Amino acid sequence: MKFRKMLAAAAAAAVAVTLPSVPATPAAAAQPADAQPATAAAAGPDGFATVAGYGQATTTGGAGGTTVTVSTPAAFLDYIARPGPYVIQVSGTITLPTGTTDGMHSVSSDKTIIGLGSNAALVGGGLNIGLPVDDDVTSPPADAVHNVIIRNLSISGATDDLINVQMFSHHIWIDHNDFSNGDDGAVDIKRGSDLVTVSWNHFHDHDKTLLLGHDDDNGAQDSGRLRTTYHHNYFNGSDQRNPRVRFAPIVHVYNNYYNDNSYGVASTNDSGLFVEGNYFFSVNNPGRVVFSGPEGRMFQRDNILVDCNHEIEVRGTVTDPRTFYSYTADSAASVPTIVPAGAGVGKV
C-alpha cells in the first residue's frame, strides 16, 4: 500500500572511505547558511568535476581554445576528434551516422560541446568519452580522455548509449541536456572513470538511464574511482538506474526530482551513496541496497517520499561530500518546482 511521508534526517554521515591511489584536494569551507540556492544555470562546474586529481585542477573543457560553430555531421565529427582545446557550438539538429561504430563517436580531451539556443540536437548516435576498452589496464593511463563539458543539447535516438564515459576518463561535466529514447544507457560511466558531475539534465522516455560501474567483476578498474555528483536532474518517467552504482566509494545524489520511476538509486558492491534533499513521487523503490549483486552502502537525509511503495534503504556509513567540495542544497520541498523549471535545454 502506498504511503505519503516525509523522511526525517538520518544519522550524520560517519567515517571517511580510503580512496587508494586517487589524488584529491579537500574542499574549501562550506558555504554559509544564507547562500543562494543553485536554481540558476552555473557558469562553471561544481561537485566532483571540480575536485583536483590526475594532474588536473578542475574541469574547464575547451576554455582558451578556438570557438567554432557546426551544423553538419562532418564538421561536428571533425572538431570533437581534434587534439587541443575547442569550444564546439552546435547549431540546429545534427544526425549522427551509425557506420562501423554502432553510432558511438569519440570525443577527445579539452572540449566543450554546447548547443546554441533551445533547439540544438544530436540524433541517431551517441558520444563516447574515453579510450577503447582494455580489461588489462587497471590504472589510469597517461593519455586518458579528460576535461570534457557537454551542455545544452538534446540527445536522442542513439543505437547504443547517448553518452558513454569509459576507460579512466576524468573531469567530465554533463549539464543542462535533454536525454531520451536511447537503445541502452542515457549516461553510462564506467571502467575507472572518475570526478564527474551530471547536473540539471532532463531524462525522459528512457529505460536504463544512469549506470555507474558496468559489472560486478570489474573492481580492478573501478574500486576507489567512479566518484560522481548527480544533482538537480529531472528523472521524468525514466524507469530505472537513476543511478545504479557499483564500487564507487562516494556518490553524491542530491536535489533530484524523481517522477514515476520503478526505482531511483541502487547501491551495490560496497559503493557509498549519499542521498539528500531529493523528491520522490510515485517511485516504487526510491533507494535500494538489497539488489542484484553484493550490497552497497546508503546514507539518506532530508528526502521527501510521496506515493512510494518502499522507504529508502540505509546501510553502513558514507563520507560526507563536503570532505571534497562545498555546496548548498535546496530544500527537498522546493525540488518539484525548481528542477522542472531549470533542468534541460534552453536554460544556459
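Tutor: Contact here means heavy atoms within 4.5 Å. This is a predicted model: local features need pLDDT of at least 70, side-chain atom pairs count only at pLDDT 80 or more, and totals for chains, interfaces and linings use all residues. Numbering runs from 1 along each chain as its sequence is written, and side-chain values use heavy atoms, with hydrogens and water left out.

Take helix α1, residues 73–81, which includes P73. Helices are DSSP runs of H or I, at least four residues, numbered from the N terminus. P73 has a relative accessible area of 30%, so it is partly exposed; buried means under 20%, exposed over 50%, partly exposed in between (1.4 Å probe, protein chains only). Leaving aside neighbours within four places in sequence, P73 touches I94, T95 and P97. L96 lies 23 residues from P73 along the chain, yet their C-alpha atoms are 5.9 Å apart.

Now the buried side. F76, Y79 and I80 are buried in α1. They line one face of the helix, because their directions fall within an arc of 100° seen down its axis. That arc is taken from the helix axis to the C-beta atoms. An α-helix has 3.6 residues a turn, so residues three or four places apart point the same way.

Beyond four places in sequence, it contacts V70, I88, V90, I94, L96, I113, L122 and L127. The largest nonpolar core has 54 residues, and F76, I113 and I163 touch the most other members. Such a core is a set of buried Ala, Val, Leu, Ile, Met, Phe, Trp, Tyr and Cys residues joined through side-chain atoms within 4.5 Å.

Key. Helices (H or I, at least four residues) and strands (E, at least two) are DSSP runs, numbered from the N terminus.
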